[in-house]
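Colleague: I am new to this structure and would like to learn how to read it. May we go through it feature by feature?

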Amino acid sequence: MARDPKSGITSASASDDISVELSLRRTGMSFQRTRMSADRTLMSVIRTSLSLISFGFTIFQVFQKLRDQDVITHAGASRNFGVALVLLGIIMLVVGIIYHVQFMLGLRQEREMMRQAGLVHGESRFPPSFTLITAIVLLLIGIFAIVSMLFQIGPFG
């Protein structure tokens, strides 16, 4: 006779009890799938932001170096375009992080309300989001890059 130590449900339990237990587990797993989906959405924001930041920084650096070596005399428009791309990447990343945090807080609140109503088990917690940590680190790198570009200081100067 199979027994689940957490719920007290066994293979000999009433079919209605087994059905309710399975439903509670499916609901709990759906929260985990939704959390992972939110992480994947943030990963797509990270990819796009990283592309914008790196491409903008590269454009800026190339035209800066060409101007420094007197290959070209004026690189203002290209440099401004590079700065604009980096700023766009940073803004996109900030908006993505804010959206992700708001969504996750709402998901946690919904899960807690369902747990209190007895509609889902409360044992599993959401682990820390490594995707969110990565997004914050990329945001800091982007901020350092834009400061370096605008003021010619910092680690990327």
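Modeller: Let us begin with burial: of the 157 residues of the protein, 34% count as buried, where buried means under 20% relative accessible area, exposed over 50% and partly exposed in between, with a 1.4 Å probe and protein chains only. This is a predicted model, in which local features need pLDDT of at least 70 and side-chain atom pairs count only at pLDDT 80 or more, while totals for chains, interfaces and linings use all residues. Residues are numbered from 1 along each chain as its sequence is written, and side-chain values use heavy atoms, leaving out hydrogens and water.

Colleague: How many helices and strands are there in the protein?

Modeller: Helices (H or I, at least four residues) and strands (E, at least two) are DSSP runs, numbered from the N terminus. The protein has 3 helices and 0 strands, in the pattern α-α-α along the sequence.

Colleague: How many salt bridges does a search of the whole structure find?

Modeller: A salt bridge is a side-chain nitrogen of Lys or Arg within 4 Å of a carboxyl oxygen of Asp or Glu. The search finds 2. One joins Asp39 to Arg35, with the closest N and O atoms 3.4 Å apart; both residues lie in helix α1 (residues 15-68), 4 residues apart, about one turn of the helix. Glu112 and Arg115 also form a salt bridge, at 2.6 Å from N to O, and lie 3 residues apart in helix α2 (residues 76-116).

Colleague: Are Asp39 and Arg35 buried or exposed?

Modeller: Asp39 is buried at 10% relative accessibility, and Arg35 is buried at 11%. Glu112, at 32%, is partly exposed, and Arg115 is partly exposed at 34%.
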